[in-house]
Amino acid sequence: MIEIQLNGLCLRQPLFMFFGSSSFRRILLSRLLLVTVPVLLLGVYITYRKARSVFLETSRQNLTKSAVRKAEGIQESIAAIKSILISTSDTVVLKSGSPLQKQIFLEALSREMPSDNQCLQLIDLETNQLVGNTCKNQTTPPFPPNIWAKTSPYLITKATDIYIQNLLPAPGMEPLINSRRLPLQFLAPVYDDLGKLKYAISLQISLIDRRKTSSTPLEGYPVIINEKGVILAHPYIERVGTNIQQQADAIRLESLVKNAIAGNENFLHLFSLDKDNVELIAGYSSIASPITREKNKKWAILSISPIDSTLAPLREIRRILLYMVLTLMGATLLAILIIAHELARPIEKLRDYALSQNYPNSEDNVPPLSSIRELNQLTASVQEMLNHLKAWGKEIESSWQEAQNANKLKTEFLATTSHELRTPLNGIINCIRIVKDDYCDSKEEADDFLQKADDAAIHLLGIINDILE
């Protein structure tokens, strides 16, 4: 096998066969795919993780702001309800109207209340009987006696006269309103025209709007916890009234409540406040407890959303990214096939040229491969190699012809030399044998043969000298 080292490139015939074979294309395709596909998938994965981080950060900020808005909304609702009850307790109808007028007034007032989950009751404090009622039943949540003075010199109700208590679910007592939406009871005194305490207005109301109890990625659902860790409001009724220490994630919940009561507004990831092993994002804030007996206490206001709900918009992005990956992989595969063809085809041309019967005796130059500089350099190297091979071939052919001529001359020379040497040598041998065997008739004849032998020997010596020269 002829092997030529040219410009650091070792070229041999099996090399062309390897480059031009189908295995070359398979190897080229596999290498390109190994490079492009991981890079493509890595780029998509980084994009997805970045989008997920952005969604999470946005959701954390939104839930924290939502908790602040919920806290402000609860405070505004409490202030509005107090204002309504203050003005209501001073109406003439409640002080001196008939029972029917009072009932009609309470029903009209109930329709004007900001919540759709409430009921009003007017209680006669002397008989502890209901004078007016908009609730579904006739029961009244118990409240402490002697909340107000028996007489009032002001004849009007002040904000400090409003008594507020929490209506947590109690065993054996049917709740008047929805216990999941922060049920509170507001009590306001009603004094007659002489300043004597006569009635109490009882308003049982859910402060959390029904539309805000469902979880949304931007708002979340509200959960309210007091300083003692008791859950006051929660979408799941079975959680209301329980303590966070009963939760599997008690340590994180205690930390959250502590930070909220300290006045911090932030977020925290939880794992058990909704359903067990469901990761939640909870933004939190706090408000001063509106309960009359809980002075200088605070409530933690949480806005909670499951992380799956928070990342719900990411599903569409994930689907789009999947379609994009499939499209890009198809386009990449097509591009790789085209590139592999463009790279392999010139090599196959070079192989076909190298394996042709006239190679390397063809007078035609190596055909151009492509516009790729490296392949053109390979073509130039192969062409230079062929030129060297052709030159060396001509030198070998010339040397062979010269060797043939030399061999012919040698044969002719040996034949001539053999004839020229044998003729005088035979004469010498014959003359000496005639004299030796006494075939001569006289001495003169013997001397004549010896002279001929001497002349032949001198002639032979001349031939040998000519050969040696």
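A disulfide is a pair of cysteine sulfur atoms within 2.5 Å. The model discussed here is predicted.

Q: Why is the pair C119 and C135 called a disulfide?
A: The sulfur atoms of C119 and C135 are 2.1 Å apart, and the cut-off is 2.5 Å, so the pair meets the definition. By this rule the count comes to one disulfide.

Q: What makes the disulfide of C119 and C135 right-handed or left-handed?
A: The torsion about the S-S bond is about 75°, and the disulfide is therefore right-handed.

Q: Which parts of the chain does this pair tie together?
A: C119 belongs to strand β3 (residues 118-124), while C135 is found in the loop between β4 (129-133) and β5 (163-166).

Q: How do you know whether C119 and C135 are buried or exposed?
A: Buried means under 20% relative accessible area. C119 has 3% relative accessibility and so counts as buried; C135, at 11%, also counts as buried.

Q: Why is the contact of R60 with E57 called a salt bridge?
A: The rule asks for a side-chain nitrogen of Lys or Arg within 4 Å of a carboxyl oxygen of Asp or Glu. The closest N and O atoms of R60 and E57 are 3.6 Å apart, so the contact qualifies. Both residues lie in helix α2, three residues apart, about one turn of the helix. R60 is buried, with a relative accessible area of 17%, whereas E57, at 35%, is partly exposed.

Q: What makes K196 and E126 a salt bridge, and where do they lie?
A: Their closest N and O atoms are 3.7 Å apart, which is within 4 Å, so the pair is a salt bridge. It links distant parts of the chain: K196 is in the loop between β6 (183-191) and β7 (197-206), and E126 is in the loop between β3 and β4, 70 residues apart.

Notes
Residues numbered from 1 in each chain as written. Predicted model: local features only at pLDDT ≥ 70, side-chain atom pairs only at ≥ 80, totals over all residues. Heavy atoms only, no water. Helix = DSSP H or I, 4+ residues; strand = E, 2+ residues; numbered from the N terminus. Buried < 20%, exposed > 50% of the residue type's maximum accessible area, 1.4 Å probe, protein only.
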